[in-house]
Amino acid sequence: GYGTARKKDVTGAVVSIKGDVLREVPAPNVLAQLKGRTAGVDIVSNSATPGGSGQIRIRGNRSLATNAGTLDALDAPLLVVDGIPFGGSINDISPDDVASLEILKDASATAIYGSRGSGGVILLTTKKGRSGKAIFNYDGYHGTSNVIDKLRVFTGPEYAAFKAEAAAAIAPASSLYALTTFETAALTAGISTDWQDLIYKQGLTTSHNMGFSGGNQGTQYSLSGGYFNETGIIPNQKFERYSIRAQIDQQINKRLKIGLTTLNTLAYTRNPGGAGVPVGLMRMTPLASPYNADGTVNLNPNAAQTDAAAISPLTLITKSDLIYDKTRRLRTFNSLFGEVLIIKGLKYRVNVGLDYRQQQQDNYNGIQTYTNGSVAASGNNGSVRNGEAWTYTIDNLLNYETTIKEKHRIGFTGLFGIQKDHSQNSGFFATALPADYQLNSNLALGTVTGINPQNANDNPNSFSERGLVSYMARATYGFDSRYNLTATIRRDGSSILSPGNQWFTYPAFALGWNVSNESFMKNISFVSNLKLRGGWGKTSNQGINPYATLGGLGTGFYNFGQGAAGQQLTVLVTTLPNSSLKWQSTQQTNVGMEFGFFKNRITGSVDVYSHKTKDILLGVNLPFSNGATSTTKNLGKTKGHGLELNLSSINIQTENGFTWNTDLNYYFNREEIVELTTPSQKEDIGNGWFVGKPLTVIYDLNKIGIWQTADAAKLALQTSPVQKAGQIRVEDLNGDNKIDASDRQIIGDFQPKWEGGITNRITFKNFDLSVVVYARMGMKVLVPYVTTDGSGSGYTFFMQGRNNQLKVDYWTPTNPTNAFPRPDASTDRFLFASTMGYMDGSFIKCRSINLGYDVPKSILSRAGIQSLRLYVTAVNPFIIYSPFVKGGFGPDPEGNGYGGGIASQQAGNSVGAGGTGGAGRQISVNANNPATRQFNVGLNLKF
């Protein structure tokens, strides 16, 4: 950041990965390529739809929050592209344009970016031109993708037995939830429809990137264009990106150099039906024909069922022209620099970043479609949303480097920088549009509203601006290539914090000792490199929304009389201002070792770190007696520690051209809450926060099995709630034969015990093979579709026989399992249902297998071709280990959604004590679009 350094002089925790290594995993963005490739960087999928990205954390979370969006703002790392901070979607960067990626992990490395680097920093450097002959290159691949596996649901006969058991559980017996006349006829006719088979299709992925680069001593240039297209396994879902990149560096004279890099992308995302189509498919009755006798689509196959309004998912295909969901995103990201050599060793440089983003979302839902069950002619709806954002960054840098008597290396960097961010969004909705063919092109013809009529909290209209002013000084000193010192101090001023608290100063120090350069190491021949380093520093965070210090107003109505004329618009305080809001700060200590043995046949690094965070920026709910519902405060403290290991080895290297290399990484991170709102508060049960415990614990009742008929004596002692055989049995902590809030406990954690990855590369003459494997072990995952709480969360009517669901091993008098309870159609509020939603999410996955062949140069030279590599790749070819998959709960244990599905429940006979807290903000394994297995064929051409 802000310069370059020799690797042996670096004192902070920094990891560098070449773009070619990342591209061993074909993917739409670098985050997907980076997954499992380096220690301390945790990337979890939160969507499997085309163009989906992931949640990234470097050395874990530091903040407390109740939703994932806030945590992303506070704990996500800073992305810097060619020296300029890059906000927004990672999909705006083509992976083919990336030359290298550096990750700054500890405070001594990230302090130069101040508050923006509090969650770590990822530096992306795009490809540059070089002096020499102009080179043209083409990289492209094409492939197919299919679901790894389907969700296992009940077949027709199994569903009939399931419904019968659910109806039999009602006392007195009732036929209300038995098979309908339609289903009975279908069962007799042998109909058993697999709705997933009817909807899932083969996806296609295409990537093309071509460019040329070259230059001379005075001018270096690079120009490239790319196209990426990924279609999903759900009909008409796709992600499409066009990109153009240009770069030029010009040496004007001996003292002056200028350069420009521009990245421009146009991306389209089409997502009809959204990410949740599979959960709808799972709910469909298998005892219904998808088509009528005349071959037309059976629009309402769930007739007379609880889900009677669910229109056939086949309308995603047959009525695709009435289901319109498209997002167009335009971005131009530009970085300009000018550099002046003042005197020998002293340079002034200005970096100017201009970033503009514009996005439009179009939506239309015609009647009697999968996304709109309305049958009224005026029941259609459409919307349009527009958003624009721009950021400008100006950094003034003064760099000085000198070497004294060949032993003393001195460096200094000074910075004054400013950054301003602007965001503005608008949109409106309409119903009762006159004609389908117009889609949402003229919403004024319908009934228009500025707020989503289906969701009163969905208001697309917003405006915000924020600014940051920064000063930074960094000094480096190296002696005799043995000892290195780095000292940094930075001061940031933020526009969004309270006056008097808008500035924060960050100090950081780090030392490095190249032990292998000492004279006493000369006779230790097997040690090629040995370096010790340690650092300490502070970072801070101001990742809250602008205007949080000012409070907020909302609107409502007050009745002064009868009828509409008596209603007056009112304005009321909804969020209290905070005139003392200040920075959230973190101090971190890092101790590391880098090593190389046997002429660097074995190389690697080990880092141990700890961090402490205080004055956490936290949204706080207030009692209604305050006159407002919430405010933002500085509350709470957390801490964390961890260990990271990166290891590379050349296992075999022979004279006949056979080599085998291995890259291995292993790490763990432990987080802990030190203090909540006051030093005396030890727990916040509503949010699942406990002093001395991790930030991501699961606090709930502990399911220990299912009550069996042999437990009649124990059941007779139960006083509250009264239970019976076949129901969920939870642990009675205090032995009072009553299950209430006092029986809840910490039963698990969403944080892995350890994570890691291994990449093996084998080359033999012109052939190369790489295999990437990664793992997340020892954590729970949230699975909303195997639980329900009757309040709209989770899977509505799970285990009640009112619709189809995941096929599970459920209790019956003749199948006394301890897995899932007896189906019961009499209630939509299962006792202790939340306890079914936590599962072992450990996994080891093969991320990719890549086999390539370099065509011999003797053949290529005749055609003027410099190099040609042909390859085939399998992405997500198989899962090596997963209790979740082995148990039949889903095709993939990795996340594909955010939280949700298990709401807090009150203790009582009708509901029982339920889960709380962290579940709402965690990555979940939901019945959303499943992960896919891809097979690609590609080539790399250069001439």
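**Notes on a few local features**

1. P721 is in the loop between α10 (712-717) and β34 (728-730); helices (H or I, at least four residues) and strands (E, at least two) are DSSP runs, numbered from the N terminus. For context, most peptide bonds are trans, and most residues other than glycine have a negative phi.

2. Before going on: this is a predicted model, where local features need pLDDT of at least 70, side-chain atom pairs count only at pLDDT 80 or more, and totals for chains, interfaces and linings use all residues. Residues are numbered from 1 along each chain as its sequence is written, and side-chain values use heavy atoms, with hydrogens and water left out.

3. D480 isn't a glycine, yet its phi is positive, at about 55°. You'll find D480 in the loop between β18 (462-479) and β19. With 25% relative accessibility, D480 is partly exposed (buried is under 20% relative accessible area, exposed over 50%, partly exposed in between; 1.4 Å probe, protein chains only).

4. F797 is another one to look at: its phi is positive too, near 70°. F797 belongs to the loop between β38 (780-782) and β39 (838-840). Is F797 buried or exposed? Buried, with a relative accessible area of 14%.

5. L485 sits in strand β19 (residues 483-494) and is partly exposed, at 36% relative accessible area. Together with I404, I410, Y477 and L511, L485 makes a nonpolar surface patch of about 400 Å².

Key
Patch = residues over 30% accessible without salt bridge, like charges linked within 9 Å, V, L, I, M, F, W, Y side chains within 5 Å. Areas by Shrake-Rupley, 256 points an atom, 1.4 Å probe, with all protein chains shown as cover. Salt bridge = Lys/Arg side-chain N within 4 Å of Asp/Glu carboxyl O.
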